[in-house]
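My notes follow in the order I made them.

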Amino acid sequence: MNAHTIATPTLASLYPERQLQALLSPEKLVVTLNGLVVLDIALQPATQDGSLQGTLDHTDKVMEQEAILAACEGAFTQNPALEKLTLRYQPSTAIDALLADGLLHRNGENSVACTAQALWQTPQPWLPKASFGATPQQYVMTDAKRHPLRPVPQSRVLYRRFIPWIGQALTFELTDPERDLEAFNRWMNSPRVARFWEEEGSLDQHRAYLQKLLDDPHAQPVTGFFDNQPFGYFEIYWAKEDRIAPFYEANDYDRGLHLLVGEESFRGKAFYTAWFSSICHYLFLDDPRTQRIVCEPRHDNQRQIANFDRSGFAKLKHFDFPHKRALLVMLSRERFFGDGLYQPLKSQ
């Protein structure tokens, strides 16, 4: 751990206007809100087994659950090699709630532990509260395809995360056919984007295109923002009902993804590692039954294929859509969380 104190905003999803701060030093892990301490953890010297141990010295009972989440996020974000945070505590309803949710597990008397894999698979820090939890499984038929009934998004904001290596907040929101239309139209008519998307058109055509997706329960159009500035467009979909389904054995909760970065100022490795890891993170958090993400880039889009490769996607096969020859790539939940792909790889 570095000798100096590091401060990073966390839990932007819960507190977009008044972000909690996790301040980390070799001696303490402190969480503040508007400059006031809401959680104080005294740390023991770092061990060699990838774990960190501490004792809850002070906590604001009103904010305790959110502050513990922020402390865990701060610890794992600033120490990518950290595997487990162990905390000694006095009896607490917040600890009991986090144990019940599965974020924490007991580690002895008055001691609990949080692992990196458990934290990053917990939706609370990044998804709006209305999005928590999987919906009951009910099967329906769409165009002769049997699949689970898909939920309607309950919030315009889908995901929010502070990205420490660029110092900006990243947000994914459902695309608004009016608010986002000008940027979407400009991006789609860019020669660089049009070469692969082949969706050039007028404002009216693109407004209709986006509205059709918003009305389709199997897919959603999504706009990405860095500090409220739009930078890219994503289409996320359930693979079982999509055109990709006949080309591989699609599971009920496989998710698919199309993507583009429209603004040149947001291209490059630092931004890519932020938004790509985060959109994959969102797809795995949105429904815990999702075990795989699939994509089908055009076979000659070498830059995008190289990015998929660096981000943990396995190349499965080439196949032919009516409109393009594609490469099927796939990312598993186990690979994403087991290898910590929510943060940049050391080789990137």
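**Entry 1**

I began with Asp40. Buried or exposed? Asp40 has 15% relative accessibility, so I put it down as buried. The cut-off for buried is under 20%. I note here that the model is a predicted one.

Next I looked up a partner for Asp40. Asp40 forms a salt bridge with Lys28, and the closest N and O atoms are 3.1 Å apart. The pair links distant parts of the chain. Asp40 sits in strand β4 (residues 36–43) and Lys28 in strand β3 (residues 28–33), 12 residues apart. I then checked Lys28, which counts as partly exposed at 33% relative accessibility.

**Entry 1: Glu198 and Arg298**

How many salt bridges does the structure hold? I have 24 down for it. I picked out Glu198 with Arg298, where the closest N and O atoms are 3.8 Å apart. Glu198 lies in the loop between α5 (191–197) and α6 (203–214). Arg298 lies in the loop between β16 (292–295) and α8 (302–310). The two are 100 residues apart in sequence, so this pair ties together separate parts of the chain.

I looked up accessibility for both partners. Glu198 is partly exposed, with a relative accessible area of 44%. Arg298 is buried, with a relative accessible area of 18%.

**Entry 2: Arg207 and Asp204**

I moved to a pair within helix α6. The side chains of Arg207 and Asp204 meet in a salt bridge, 2.8 Å from N to O. Why are they about one helical turn apart? They are separated by about one turn because they are 3 residues apart in helix α6. I noted Arg207 as partly exposed, at 27% relative accessibility. Asp204 is exposed, with a relative accessible area of 56%.

**Entry 3: Asp254**

Where is Asp254 found? I located Asp254 in the loop between β14 (229–238) and β15 (255–261). Asp254 counts as buried, at 1% relative accessibility.

I then looked up polar contacts of the Asp254 side chain. One goes to the side chain of Tyr248, at 2.7 Å. Another goes to the side chain of Arg292, at 2.9 Å. I listed what Asp254 touches, leaving out residues up to four places away in sequence. The list is Tyr237, Trp238, Ala239, Tyr248, Glu249 and Arg292.

**Entry 4: α1 against α2**

I turned to helix packing. Two packed helices are described by the angle between their axes and the distance between the axes. Helix α1 (residues 64–78) packs with helix α2 (residues 93–101) at an angle of about 60°, and their axes are 8 Å apart. That angle makes α1 oblique to α2. I recorded the crossing of α1 and α2 as right-handed.

Which residues make the contact? From α1 I listed Glu64, Gln65, Ile68 and Leu69. From α2 I listed Ala94, Ile95, Ala97, Leu98 and Asp101.

**Entry 5: α4 against α6**

I went back to α6, this time with helix α4 (residues 181–188). The axes of α4 and α6 come within 10 Å and cross at roughly 105°. The two helices are therefore roughly perpendicular to each other. On the α4 side, the contact is made by Leu181, Glu182, Phe184, Asn185 and Met188. On the α6 side, I listed Leu203, His206, Arg207, Tyr209 and Leu210.

I checked how covered α4 is. Helix α4 is mostly covered, with 6 of its 8 residues buried. Those buried residues are Leu181, Ala183, Phe184, Asn185, Trp187 and Met188. What do they pack against? The buried residues of α4 pack against α5, α6, β14 and β15.

**Entry 6: Thr142**

I ended with Thr142, which is found in strand β9 (residues 139–142). Thr142 is partly exposed, with a relative accessible area of 34%. A polar contact of 2.7 Å joins its side chain to that of His147. I also took a distance to Thr171. Thr142 and Thr171 are 29 residues apart in sequence and 31 Å apart in space, C-alpha to C-alpha.

Conventions: Residues numbered from 1 in each chain as written. Predicted model: local features only at pLDDT ≥ 70, side-chain atom pairs only at ≥ 80, totals over all residues. Heavy atoms only, no water. Salt bridge = Lys/Arg side-chain N within 4 Å of Asp/Glu carboxyl O. Helix = DSSP H or I, 4+ residues; strand = E, 2+ residues; numbered from the N terminus. Buried < 20%, exposed > 50% of the residue type's maximum accessible area, 1.4 Å probe, protein only. Polar contact = N/O pair within 3.5 Å; in protein donor to acceptor, adjacent residues only side chain to side chain. Contact = heavy atoms within 4.5 Å. Axes fitted to C-alpha atoms, helices over the stretch in contact; angles between N-to-C directions. Parallel < 35°, antiparallel > 145°, perpendicular 65-115°, else oblique. Left-handed = near helix turned anticlockwise from the far one by under 90°.
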